[in-house]
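Here is a short report on one protein model. It covers charged pairs, aromatic rings, surface and fold.

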Amino acid sequence: MEYNTERTPLIIPEYGRHIQKLIQQATTIQDRTERNNVARALIAVMGNLNPHLRDVPDFQHKLWDQLFIMSDFKLDVDSPFEHPTRESVRVKPARLNYPQRHPKYRFYGNNILQMIEVCNSWEEGDLKNALKFAIANHMKKCFLNWNKESVEDEVIFEHLKELSGGKINLANYEEDLSAPKNFQRTKFQRKNNNKKQNNYSNNNNRRKKY
């Protein structure tokens, strides 16, 4: 009896061991014409696993690449596509440059910093003032999510001034930020709306269908 641990590892397991053995056997065929016929037959069998994609050109390219990969790049046949190489298959993708931002007040998030940068680039006016208070209110909501206790508006104004490099100072304005209960009311309304939608869908499901 032959155990799986004694067999060669499957290169692409989704095709099974029989396909891999047939490909390995095809590499030993001396006659090139016969070898090409066997390769095309193997491509047809591999395509039957996904019959709806079998005739798509991009999928055909993928099948031929997988054929050469499972042959350990030893199969010499005439392919309608360029032969892949071991080096091209094992190329590592380029490293992604993730934005490395470590703000002092992480509970506000990086989006707040981007909003502050946009706000600083705007000209002074009513629209910019509205954006300043929108940012401050969002900062207060983020602060309350992190710290369940109340927070004074002066603390938010001081943090905003610090994060904006001193360009946004709301301490001189008489307008106050939203009260914490307003944020809680919004959450409560969302929960109620979700409950109403769930109850409505459940009631519709209970109705008799004729």
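## Salt bridges

D78 and R32 join their side chains in a salt bridge, 2.7 Å from N to O. D78 sits in the loop between α3 and α4 and R32 in helix α2, so the pair ties together parts that are 46 residues apart in sequence. The structure is a predicted model: local features need pLDDT of at least 70, side-chain atom pairs count only at pLDDT 80 or more, and totals for chains, interfaces and linings use all residues. Residues are numbered from 1 along each chain as its sequence is written, and side-chain values use heavy atoms, with hydrogens and water left out.

A salt bridge here is a side-chain nitrogen of Lys or Arg within 4 Å of a carboxyl oxygen of Asp or Glu. By this rule the count is six salt bridges. Side chains of opposite charge can pair when their charged atoms come close. The table lists three of the bridges, including the one above.

| Salt bridge | N to O distance |
|---|---|
| D78 and R32 | 2.7 Å |
| E124 and K128 | 3.2 Å |
| K140 and D153 | 2.9 Å |

How exposed are the partners? D78 is partly exposed at 45% relative accessible area. R32 is also partly exposed, with 32% relative accessibility.

The bridge between E124 and K128 joins two other classes. E124 is exposed, at 56% relative accessible area. K128 is buried, at 6%.

K140 pairs with D153 in a salt bridge. K140 lies in helix α6 and D153 in helix α7 (residues 153-163), so this pair ties together parts that are 13 residues apart in sequence. Both K140 and D153 are buried. Salt bridges with shared partners also join R32, D76 and D78 into one network.

## Aromatic rings

A pair of aromatic rings is described by the distance of the centres and the angle of the planes. Rings of Phe, Tyr and Trp (its six-membered ring) pair if their centres lie within 6.5 Å; planes under 30 degrees apart count as stacked, over 60 as edge-to-face and the rest as tilted. This rule gives six aromatic pairs.

One of them is Y105 with Y108, edge-to-face at 6.0 Å centre to centre and 65° between the planes. Y105 and Y108 are both buried. F107 and F143 have ring centres 5.4 Å apart and planes at 85°, so this pair is edge-to-face. F107 lies in the loop between α4 (86-89) and α5 (110-121), and F143 in helix α6 (residues 126-146), so the pair ties together parts that are 36 residues apart in sequence.

Which class does each ring of this pair fall into? F107 is partly exposed, with 22% relative accessible area. F143 counts as buried at 9% relative accessibility. Ring pairs link Y105, F107, Y108 and F143 into a cluster.

V118, W122 and L127 form a nonpolar patch on the surface, with about 290 Å² of accessible area together. Patch residues have over 30% relative accessible area and no salt bridge; like charges are joined within 9 Å, and nonpolar side chains (Val, Leu, Ile, Met, Phe, Trp, Tyr) within 5 Å. Accessible areas come from the Shrake-Rupley method with a 1.4 Å probe; for residues, only the protein chains shown count as cover. L127 belongs to helix α6. L127 is exposed, at 62% relative accessible area.

S71 lies in the loop between α3 (57-70) and α4. S71 is buried, at 4% relative accessible area. The S71 side chain reaches the backbone nitrogen of L75 at 3.4 Å.

E175 lies in the loop between α7 and α8. E175 is partly exposed, at 48% relative accessible area. E175 and F133 are 42 residues apart in sequence, and 8.8 Å apart in space from C-alpha to C-alpha.

## Fold and confidence

Which elements make up the chain? The protein chain has eight helices and zero strands. Helices (H or I, at least four residues) and strands (E, at least two) are DSSP runs, numbered from the N terminus. Buried residues make up 28% of the 210 residues.

The predictor's confidence in each residue is pLDDT, from 0 to 100. The protein chain has a mean pLDDT of 82, and 84% of its residues reach 70 or more.

Terms used:
Buried means under 20% relative accessible area, exposed over 50%, partly exposed in between (1.4 Å probe, protein chains only). A polar contact is a pair of N or O atoms within 3.5 Å; within protein, one must be able to donate a hydrogen and the other to accept it, and residues adjacent in sequence count only if both atoms are side-chain atoms.
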